[in-house]
Amino acid sequence: MGQNILLAALVLLFFVGIVSSVVPNIPLVVAMVPLLKQYVVNAGLAGSEILQTGFVGDLPPTVLPLFYAMMFGATLGGNGTLVGASSNIVAAGISEMHGRPIPFKLFLRYGPPVALMQLLAAAFYVVARFFVWQ
């Protein structure tokens with residue numbers, strides 16, 4: 001993807017969104033931040049100082065779409081499956097306590113289409129916010 005921030009942001013948003021549907025979002029983001037920082041340095045979009053453990057400076061504004069894309073992907077992708085977000089599990093538990101269990105297969109009928117629509121809306125927002133409205 002090189003320095004093509006638009007392409008990188010969209011790929012990142014959907015990749016993280018898909019992975020987040022089966023992996024909890026907090027550990028996923030914790031694992032992705034160092035990888036994303038390394039990509040930014042390797043692509044020549046920021047200096048290597050951002051890789052330092054105690055880095056407290058600001059990232060270049062040009063790379064913000066990548067971090068927004070990761071955030072939206074991790075948060076919204078978790079809605080794809082019952083185990084993708086802890087709130088889904090809590091809601092299913094509450095529903096079961098009230099006599100209306102939500103089986104995993106039933107959730108899969110509705111979760112992925114909803115998550116996909118949310119990811120598409122987030123992609124539209126990222127593109128509009130960072131590449132159109134600048």
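These legends describe close-up views of one predicted protein model.

Residues are numbered from 1 along each chain as its sequence is written, and side-chain values use heavy atoms, with hydrogens and water left out. Because the model is predicted, local features need pLDDT of at least 70 and side-chain atom pairs count only at pLDDT 80 or more, while totals for chains, interfaces and linings use all residues.

View 1. Helices (H or I, at least four residues) and strands (E, at least two) are DSSP runs, numbered from the N terminus. The C-alpha atoms fill a box of roughly 55 × 35 × 20 Å, taken along the principal axes. Of the 134 residues, 34% count as buried; buried means under 20% relative accessible area, exposed over 50%, and partly exposed in between, with a 1.4 Å probe and protein chains only. Among contacts with a separation of 6 or more, 70% come from residues 24 or more positions apart. Contact means heavy atoms within 4.5 Å.

**View 2. Helix α1 packs against helix α5.** The axes of α1 (residues 5–20) and α5 (residues 104–132) come within 10 Å and cross at roughly 155°. That makes α1 roughly antiparallel to α5. Axes are lines fitted to C-alpha atoms, for helices over the stretch in contact, and angles run from 0 to 180 degrees between N-to-C directions. Angles under 35 degrees count as roughly parallel, over 145 as roughly antiparallel, 65 to 115 as roughly perpendicular and the rest as oblique. The crossing of α1 and α5 is right-handed; a crossing is right-handed if the near helix is turned clockwise from the far one by less than a right angle, and left-handed if anticlockwise. On the α1 side the contact includes I5, L6 and F14, and on the α5 side it includes L116, V126 and F131. By class, this contact has 14 nonpolar, one polar and no charged residues. Ala, Val, Leu, Ile, Met, Phe, Trp, Tyr, Cys and Pro count as nonpolar, Asp, Glu, Lys and Arg as charged, and the others, Gly among them, as polar.

**View 3. Helix α1 also packs against helix α3.** The axes of α1 and α3 (residues 64–77) come within 7 Å and cross at roughly 20°. That makes α1 roughly parallel to α3. This crossing is right-handed. Residues of α1 in the contact include A8, L12 and V16, and those of α3 include L66, M70 and F72. The contact of α1 with α3 has twelve nonpolar, four polar and no charged residues.

**View 4. Helices α3 and α5 pack with their axes 10 Å apart.** Their angle is about 165°, so α3 and α5 are roughly antiparallel to each other. The crossing of α3 and α5 is right-handed. Y68, F72 and L76 are among the α3 residues that take part, and L119, Y125 and F130 are among those of α5. By class, the contact of α3 with α5 has twelve nonpolar, three polar and no charged residues.

**View 5. S21 sits in the loop between α1 and α2 (25–42).** S21 counts as buried because its relative accessibility is 14%. A polar atom of the S21 side chain lies 2.6 Å from the backbone oxygen of I18. A polar contact is a pair of N or O atoms within 3.5 Å; within protein, one must be able to donate a hydrogen and the other to accept it, and residues adjacent in sequence count only if both atoms are side-chain atoms. Leaving aside residues up to four places away in sequence, S21 touches G77, G78, G80, T81, V83 and G84.

**View 6. N88 belongs to helix α4 (residues 86–97).** With 10% relative accessibility, N88 counts as buried. The N88 side chain reaches the backbone oxygen of T81 at 2.8 Å. Not counting residues up to four places away in sequence, N88 touches G78, N79, T81, L82 and F107.

**View 7. Q3 is placed in the segment before α1.** At 54% relative accessibility, Q3 counts as exposed. Q3 and G44 are 41 residues apart in sequence, and their C-alpha atoms are 7.6 Å apart in space. Beyond residues up to four places away in sequence, Q3 touches A43, G44 and L45.
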